[in-house]
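Let's take a guided walk through a two-chain model. Have the structure open beside you as you read.

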Amino acid sequence: MKRRRSIAFPVASILILGMALIMVISTVLTIAGFVLTDTQGRQKLALESVAGLLQKGAGYDHEGKLSVQVNGVISERILGIFEAQTDFWYLFSDGTQSITHGTVPESVRSIVSALPREVFASDFYYTNDLKRYLGLRKLDQNNPDRVVVIGGVSLTNTQTILLALWGTEGLYPLLSAVLAATATIAVVAVKRTIATPVGRVVNSAEQIDGLPGGRRISDHDTPIELKPMVAAFNTALSRIDHAFEAQRNFLASASHELRTPLTKLRLKLDLVQDPGVRDVLVRDTARLASIVTTSLQLARLSGQSLTFAAIDLAAMTRTIVAEHVPSAMKQGMEIELKAPEERVAISGSEPAIRVALDNLIVNAMRHAQGTEMLTVEVLEARTVRVTDHGPGIPAAERENMLRPFVRGNTAADGTGMGLAIVAQIMTAHGGSVDLADAPGGGLVVSLAFPSVRADRP
Amino acid sequence: MRILIVEDDRELASSLKSMMESSIGVADVFETIEDAEAALLAFKFDLIIIDRNLPDGDGLSLLPTLRQLRPRPATLVLTALDDPIDIVSALDKGADEYVGKPFEPMELIARARAVLRRYSLDETGHTQFGNLSFDLINRSAMVDENVLSLPRRELAVLEALIRRAGRVVQRDNLEASVYNIDDEIESNVLDSHVSRLRKRLREANCNATIRTIRGIGYMLVQE
């Protein structure tokens with residue numbers, strides 16, 4: 001299992017460790033304090049602690065009978081230490097009922113009842129079997145009817161220290177509460193303190209577009225701890241830019257290196273005397289040129305992320321179709337455009353959509369050779385539809401046509417990549433390509449663009 | 001017509017030279033930007049065909065020199081760089097036309113002629129398309145030797161179409177070159193101007209005609 005690493009966790013741990021250290025130091029200080037306190041003081045401390053425990057644990061069972069139920073491992077343990085002492089006794093009374101433990105000395109009983117309620121706590125010495133003990137009478141401050149009298153204790157020093165640390169009014173319960181609070185605050189606050197500046201860096205990283213020489217993450221307002229990370233990130237972005245630039249240069253020079261010999265080849269073909277041979281060679285050269293173009297287009301598209309802008313699909317389609325009219329006319333084909341006068345607003349990359357429409361129109365012209373009419377429609381629902389009256393594509397093969405290097409019509413000099421490029425461009429725009437039969441025969445290719453979203457300007 | 005070809009590939013340059021000489025006019029070939037610049041300053045050329053990847057840089061760097069020449073030659077850029085950004089940058093820097101490699105010889109000649117037509121209209125106020133000649137200074141059109149008298153609007157339509165002969169002129173652009181901003185344009189006024197002009201050309205036995213490209217605009221073609 002992969003561990004989720006958090007910065008907040010070690011930081012919180014350090015805080016908690018710090019608290020633990022404080023506890024150790026306080027323990028040492030408590031022991032030191034104990035050593036400096038006199039015996040009576042220590043004994044009184046121990047008795048007060050147990051009296052507090054008993055008062056806290058007092059309650060009534062379901063029959064309404066008074067009982068003392070001490071909860072918690074440590075409290076039980078402390079009471080255990082006391083109860084293990086042979087002379088230990090206590091008397092707990094709520095005014096009507098009372099509980100006793102051990103043998104309450106007769107001499108003490110009379111003192112207890114003689115003391116007025118206004119005296120909340122009083123300690124006294126008594127002797128029992130010639131031994132001198134400290135006794136304590138304590139009233140519950142919230143409920144003066146509840147009185148606990150306790151005595152018969154002679155504790156070792158260790159037991160007394162333990163009591164001082166763990167007793168109800170001891171040091172550890174207090175420190176534990178502080179520790180728990182610190183841990184909670186540490187986990188919540190540390191996480192937030194770290195997450196806020198990291199979040200700022202993440203936000204500015206998210207705004208980086210894929211353009212070469214594009215934005216960098218600003219290290220303004222970035223905490224010192226995060227600056228190396230931001231710098232490293234920016235260095236990585238520069239490297240990506242360089243790689244991008246290298247790829248662009250490669251494509252440009254590949255294009256040049258391939259096209260110049262193709263141009264020479266094409267020009268030389270005019271010297272071929274036999275028209276039959278010449279036409280075949282001219283067509284092959286055109287096909288080769290088309291492969292070069294589409295391969296480079298495909299490489300270019302997969303190598304860069306597109307920059308989106310607001311586009312009027314109707315106006316753009318009109319301009320592109322207009323450019324293809326002269327060559328269509330040469331092959332005896334008419335292109336008709338049906339587009340609304342109003343803007344058809346989409347969000348997209350103009351160069352990429354231009355490549356898609358160019359490919360679509362060139363494909364249609366190529367596959368529907370010999371037919372007279374090509375119709376390009378722009379629908380208000382952000383769709384461009386190109387309808388030809390050529391042989392069409394069988395339904396079973398349509399899916400394949402959207403993958404590179406699949407050619408529908410082997411007789412035509414298409415490269416088989418035109419529709420794949422169109423599909424790729426449409427995917428990048430969150431749109432779709434649909435191939436269907438044209439009414440009366442032929443193919444309809446529809447490009448549907450998604451509605452303009454606020455997050456894509 | 002005198003043509004300057006800037007191309008470092010000798011075979012390609014010689015093919016271009018013979019193509020141009022058989023269809024348009026005398027051509028000189030230079031292999032570097034530096035030599036081409038020297039030639040431009042020494043002689044007058046009507047058309048320059050520039051390749052982009054040249055031994056001493058991008059052929060587009062000749063464009064600023066060209067802009068300063070009076071009269072300025074028409075510029076056609078040959079480009080193997082087919083990234084749309086490259087094409088836009090060529091046109092932005094002042095090229096009149098671009099042709100992508102590889103090209104059909106006839107396509108190159110047609111583009112060169114189109115560029116020259118626009119160029120001569122701008123430089124001399126006169127141009128020719130088929131047997132139709134157009135004189136911008138006298139604001140007149142002639143078919144062969146016969147003067148074609150045209151109303152102002154129809155002349156403006158013809159001028160816009162002959163500037164881009166062989167290419168589609170979008171309806172909006174045509175309207176913009178025929179009417180002022182203040183003119184009230186009724187929806188079919190342009191169509192009636194075009195159809196009257198078309199009729200006049202036909203009656204004058206002109207071999208150029210106006211084709212309607214449905215949904216886009218009009219195009220002047222040679223029959």
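What follows goes from the overall picture of chain A to the interface, the cores and then some details of chain B.

First, some housekeeping. This is a predicted model, in which local features need pLDDT of at least 70 and side-chain atom pairs count only at pLDDT 80 or more, while totals for chains, interfaces and linings use all residues. Residues are numbered from 1 along each chain as its sequence is written, and chains are lettered from A and ligands numbered from 1 in the order in which they are written.

Chain A has twelve helices and 14 strands. Here helices (H or I, at least four residues) and strands (E, at least two) are DSSP runs, numbered from the N terminus. Of its 457 residues, 28% count as buried; that takes 20 or more other C-beta atoms within 10 Å of a residue's own, while 12 or fewer makes it exposed and anything in between partly exposed, with C-beta atoms placed from the backbone.

How do the chains meet? On the chain A side, 27 residues are in contact with 25 residues of chain B, where contact means that C-beta atoms, placed from the backbone, lie within 7 Å. H7(A) gives the largest share of chain A's side, ten residues. That side divides into twelve nonpolar, six polar and nine charged residues. In this count Ala, Val, Leu, Ile, Met, Phe, Trp, Tyr, Cys and Pro are nonpolar, Asp, Glu, Lys and Arg are charged, and the others, Gly among them, are polar.

**The cores**

A nonpolar core is a set of buried Ala, Val, Leu, Ile, Met, Phe, Trp, Tyr and Cys residues joined through C-beta atoms within 7 Å. The largest one has 105 residues, and Ala356(A), Val6(B) and Leu47(B) touch the most other members. Its largest share, nine residues, comes from H10(A). Not counting residues up to four places away in sequence, Ala356(A) touches Ile421(A), Val422(A), Ile425(A), Met426(A) and Leu447(A).

**Strands in chain B**

Two strands pair if DSSP finds at least two bridges between them.

| Strands | Sense | Bridges |
|---|---|---|
| E1(B) (residues 2–6) and E2(B) (residues 26–30) | parallel | five bridges |
| E12(B) (residues 168–170) and E14(B) (residues 217–222) | antiparallel | three bridges |
| E13(B) (residues 208–213) and E14(B) | antiparallel | six bridges |

The chain gets from E1(B) to E2(B) through helix H1 (residues 10–23) of chain B, in a right-handed β-α-β crossover; right-handed means that, with the strands pointing away from the viewer, the path from the first strand over the helix to the second runs clockwise.

Now look at Gly217(B) in E14(B). It is the bridge partner of Gln170(B), and Ile213(B) stands opposite Gly217(B) too. E13(B) and E14(B) form a hairpin with three residues between them, and Gly215(B) in the turn has a positive phi of about 85 degrees.

**A leucine to find**

Is Leu174(B) buried or exposed? Leu174(B) is buried, because 21 other C-beta atoms lie within 10 Å. You'll find Leu174(B) in helix H7 (residues 171–178) of chain B. Leaving aside neighbours within four places in sequence, Leu174(B) is in contact with residues including Val157(B), Leu190(B) and Gly217(B). The C-alpha atoms of Leu174(B) and Gly217(B) are separated by 8.0 Å, though the two are 43 residues apart along the chain.

Conventions: Contact = placed C-beta atoms within 7 Å.
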